[in-house]
Amino acid sequence: MSDTPIFGLGLWAGPQAQPWVQHDAGLRLIEGLIRGSVLDRDLTVPPGACADGAAYLVGASATGLWAGHDGELALAVGANATNGWIFAPVALSGAMLWVEDEAVLLQYASGSWASFAPAGGAYDFGFTFESTPGADAILGRVRLARDVVIPADMAGAFGGGDTNPAATFAIDVQDDGASIGTITISTLGLITWETAGNTAKAVAAGSEVTFHAPATPDASVAGWSFVLAADRG
């Protein structure tokens, strides 16, 4: 065996000429892999100028010195890669890379790289209305960037306002037009939180959550804000 089975790091094969060449190349690859970041993931030809050790994720249908290395990690040896490039496969299940020019963390899964969105963790969002709303007014709308779960009866939510309603004020919470819960403000300013069926509600990334005033307008309610304590799905 002359190379390691996953990243192809060169192994010494007993006595050999200039063993430091393989050894040094292996150290460079280890350094690049440990760093876990690349400057770019779209280039298909080597950049004209780059620093020694600069790392790239080779794009599809690469040509020139990168031909045949699509999807591999390319490391420059010497300033402007004057001593060539070293390559290593990184498209491995579960592998992660930070792409500097996009400021995005990628994970390789199911045969492709995709933005990494960890499950779990807080993903709170909310809305505010200042003036007294009219009938059926949309008090706020939020477009979600992640799959989230709103806990049963919106546990952990907070709200408060300046002027209480003249009558019970029920705000309909909708997920892409479908009602998923109600936020009710009493004439004393007490808030009741309720999800449909008193169960947790999963809301998909890209969905729009909207908050609707009741069909009967209230004469006084104004200056209220709310935060829903959701979790990442």
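A: **A cavity and what surrounds it**

Seven names line the largest cavity: Arg28, Glu31, Gly32, Arg35, Gly53, Leu75 and Ala76. Two elements each give two or more residues to this lining, helix H1 (19-35) and strand S3 (72-76). Helices (H or I, at least four residues) and strands (E, at least two) are DSSP runs, numbered from the N terminus. H1 gives the most to the lining, with four residues.

This is a predicted model: local features need pLDDT of at least 70, side-chain atom pairs count only at pLDDT 80 or more, and totals for chains, interfaces and linings use all residues. Residues are numbered from 1 along each chain as its sequence is written, and side-chain values use heavy atoms, leaving out hydrogens and water.

How many cavities of 30 Å³ or more does a search of the whole structure find? One. The space in this largest cavity is about 40 Å³. A cavity is a set of points on a 1 Å grid over the protein atoms alone, where a 1.4 Å probe fits but cannot get out; lining residues have an atom within 4 Å of a point. Its volume is the space filled by probe spheres set on points joined across faces, edges and corners.

**The strand beside the cavity**

Now follow S3, which is one of the elements giving two or more residues to the lining. S3 is mostly covered, with five of its five residues buried. Buried means under 20% relative accessible area, exposed over 50%, and partly exposed in between (1.4 Å probe, protein chains only). Look at the strand face by face. Glu72, Ala74 and Ala76 lie on one side, and they are buried. Leu73 and Leu75 lie on the other, and they are buried too.

Which strands pair with S3? S2 pairs with S3 in the antiparallel sense, over three bridges. Strands pair when DSSP finds at least two bridges between them. Leucine 57 has leucine 73 as its bridge partner in S3. Strand S4 (residues 85-89) is joined to S3 by five bridges, and these two strands also run antiparallel. Here leucine 75 meets isoleucine 86 of S4 as its bridge partner. Leu75 is also among the residues that line the largest cavity.

Move on to the charged side chains. The structure holds three salt bridges. Each is a side-chain nitrogen of Lys or Arg within 4 Å of a carboxyl oxygen of Asp or Glu.

Take the side chains of glutamate 102 and arginine 41, which meet at 2.9 Å, N to O. Glutamate 102 sits in the loop between strand S5 (96-99) and strand S6 (104-109), and arginine 41 in the loop between strand S1 (37-38) and strand S2 (55-57), so the pair ties together parts that are 61 residues apart in sequence. Glutamate 102 is partly exposed, at 32% relative accessible area. Arginine 41 is partly exposed as well, at 25%.

Glutamate 208 takes part in the next bridge, with arginine 141; their closest N and O atoms are 3.0 Å apart. Arginine 141 lies in strand S9 (residues 138-143) and glutamate 208 in strand S16 (residues 208-212), so this pair ties together parts that are 67 residues apart in sequence. Glutamate 208 also meets arginine 143 in a salt bridge (3.8 Å, N to O). Arginine 143 lies in S9 and glutamate 208 in S16, so here the parts tied together are 65 residues apart in sequence.

Is each member buried or exposed? Glutamate 208 counts as buried, at 17% relative accessibility. Arginine 141 is partly exposed, at 47%. Arginine 143 is exposed, at 53%.

Serine 207 is in the loop between S15 and S16. At 7% relative accessibility, serine 207 counts as buried. Setting aside neighbours within four places in sequence, serine 207 is in contact (heavy atoms within 4.5 Å) with Val142, Arg143, Leu144, Asp175 and Asp176. The C-alpha atoms of serine 207 and arginine 146 are 9.0 Å apart, though the two are 61 residues apart along the chain.

S15 also belongs to an open sheet of three strands, in the order S15-S10-S18, with antiparallel pairing. Strand S15 (201-203) and strand S18 (231-232) are the edges, each pairing on one side only. Three bridges join S15 to strand S10 (residues 148-150). Alanine 202 in S15 is the bridge partner of valine 149.

Terms used. 1 Å grid on protein atoms, 1.4 Å probe; cavity = no way out; pocket = protein on both sides within 12 Å on 5 of 7 lines; lining within 4 Å.
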